[in-house]
Amino acid sequence: MRILVCISNVPDTTTKITFTPDNKNFNMAGVQFVINPYDEYALTRAIELKEAQGGTVTVINVGEADSDANIRKALAIGADEAIRVDAKPVDALFVARQIAHYAQEGGYDLILMGKESVDYNGFQVHGMVAEILGIPAIVPAIKLDVNGTAATLEREIEGGKEIITVNLPLVASCQQPMAEPRIPNMRGIMTARTKPLKVVPAIEAQPATSYESYSLPEKKTGVKLIDPANAGELIRLLRNEAKVI
């Protein structure tokens, strides 16, 4: 079984976000980047499937050279090889076209990725990749098992859970509790240095969106405490200030 895992390079979740003075770009100065946490669920489950059933795990990243350290981390965790599409990930459709192009050439049985990246929370790439390739997309999945040429996935729906069986190939996006993310051990770190990391040029693909400006959320304001006996004042504030009634 050949598995392709898509990983993205995102700011550490503890990072204090700032923007350039013109609010046109994210300020990368002093920011620590990590593998997107949701992608780690996908990567770990892919490695578990490889260990149980055999096969190979390839990671792919659309990004520039500053992604290499985290790609090497994915190799240290247990991936067999890595591909970096040498391009800035300008929007979801651009990234999806790059992934789909490589996936089509590689003949993968299973394409896994996190349900979304924690920087933009777009929840788009998995569906776009599946549409371009003309294969099913199951999103987001919390369990995944493969038996021969079919996969069984579980996902949460309104009021319960849904279990789906679908033939390979397919795209699945992953979230907890898909797998318990692994920490690279010393042996993995050493072997990662010898595993192939291939850098390939991006295909021609125009982005479909552009960002006009960025801004931080408004700071939280103080709360007003209303005496339980003063319901009229509460109603007035909800109507005139909060404007929710």
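**Figure 1. Surface and overall make-up of the predicted model.** The protein exposes about 13,900 Å², an area computed by the Shrake-Rupley method with a 1.4 Å probe, where for residues only the protein chains shown count as cover. Carbon and sulfur atoms supply 52% of this surface. This is a predicted model, in which local features need pLDDT of at least 70 and side-chain atom pairs count only at pLDDT 80 or more, whereas totals for chains, interfaces and linings use all residues. Residues are numbered from 1 along each chain as its sequence is written, and side-chain values use heavy atoms, with hydrogens and water left out. Of the 245 residues, 41% count as buried (buried, under 20% relative accessible area; exposed, over 50%; partly exposed, in between; 1.4 Å probe, protein chains only). The secondary structure comes to six helices and twelve strands, taken as DSSP runs numbered from the N terminus (helices, H or I, at least four residues; strands, E, at least two). Along the principal axes, the C-alpha atoms fill a box of roughly 70 × 45 × 40 Å. Among contacts (heavy atoms within 4.5 Å) with a separation of 6 or more, 68% join residues 24 or more positions apart.

**Figure 2. Helix H1 and its covered residues.** Helix H1 comprises residues 37–53 and reaches 25 Å from its first C-alpha to its last, close to the 24 Å expected at 1.5 Å a residue (expected span, 1.5 Å times one less than the number of residues). H1 is mostly covered, with twelve of its 17 residues buried. Just after H1, Gly-54 takes a positive phi of about 85°.

**Figure 3. Helix H3 and the elements packed against it.** The end C-alpha atoms of helix H3 (residues 92–106) are 21 Å apart, which agrees with the 21 Å that its 15 residues should span. Its buried residues are Ala-92, Phe-94, Val-95, Ala-96, Gln-98, Ile-99, Ala-100, Tyr-102 and Ala-103. These residues pack against strands S1 (2–6), S4 (56–63), S5 (81–86) and S6 (110–114), and against helix H4 (125–133). Just after H3, Gly-107 takes a positive phi of about 60°.

**Figure 4. Aromatic pairs.** Rings of Phe, Tyr and Trp (its six-membered ring) are paired if their centres lie within 6.5 Å; planes under 30 degrees apart count as stacked, over 60 as edge-to-face and the rest as tilted. By this rule the count comes to five aromatic pairs. The rings of Tyr-102 and Tyr-108 have centres 6.2 Å apart and planes at 35°, so this pair is tilted. Both Tyr-102 and Tyr-108 are buried. Tyr-120 and Tyr-211 form another tilted pair, at 5.4 Å centre to centre and 40° between the planes. Tyr-120 lies in the loop between S6 and H4, and Tyr-211 in the loop between strand S12 (197–201) and H6, so the pair ties together parts that are 91 residues apart in sequence. Tyr-120 is partly exposed at 46% relative accessibility, and Tyr-211 is partly exposed at 41%. Phe-19, Tyr-120, Tyr-211 and Tyr-214 form one aromatic cluster.

**Figure 5. Glu-81 and its surroundings.** Glu-81 lies in strand S5 and is partly exposed, at 28% relative accessibility. Leaving aside neighbours within four places in sequence, Glu-81 is in contact with Val-57, Thr-58, Val-59, Leu-75, Tyr-108 and Pro-196. Glu-81 and Asp-109 are 28 residues apart in sequence and 16 Å apart in space, C-alpha to C-alpha.

**Figure 6. Salt bridges.** A search of the whole structure finds ten salt bridges (a side-chain nitrogen of Lys or Arg within 4 Å of a carboxyl oxygen of Asp or Glu). In the bridge between Arg-84 and Asp-86, the closest N and O atoms are 2.9 Å apart. Arg-84 is buried, at 5% relative accessibility, whereas Asp-86 is partly exposed, at 42%. Glu-162 and Arg-155 form a further bridge, with closest N and O atoms 2.6 Å apart. The side chains of Lys-224 and Glu-241 meet at 2.8 Å, N to O. Lys-224 lies in the loop between S12 and H6 and Glu-241 in the segment after H6, so the pair ties together parts that are 17 residues apart in sequence. Lys-224 is exposed, at 53% relative accessibility, and Glu-241 is partly exposed, at 46%. Salt bridges that share partners join Arg-45, Glu-48 and Asp-145 into one network.
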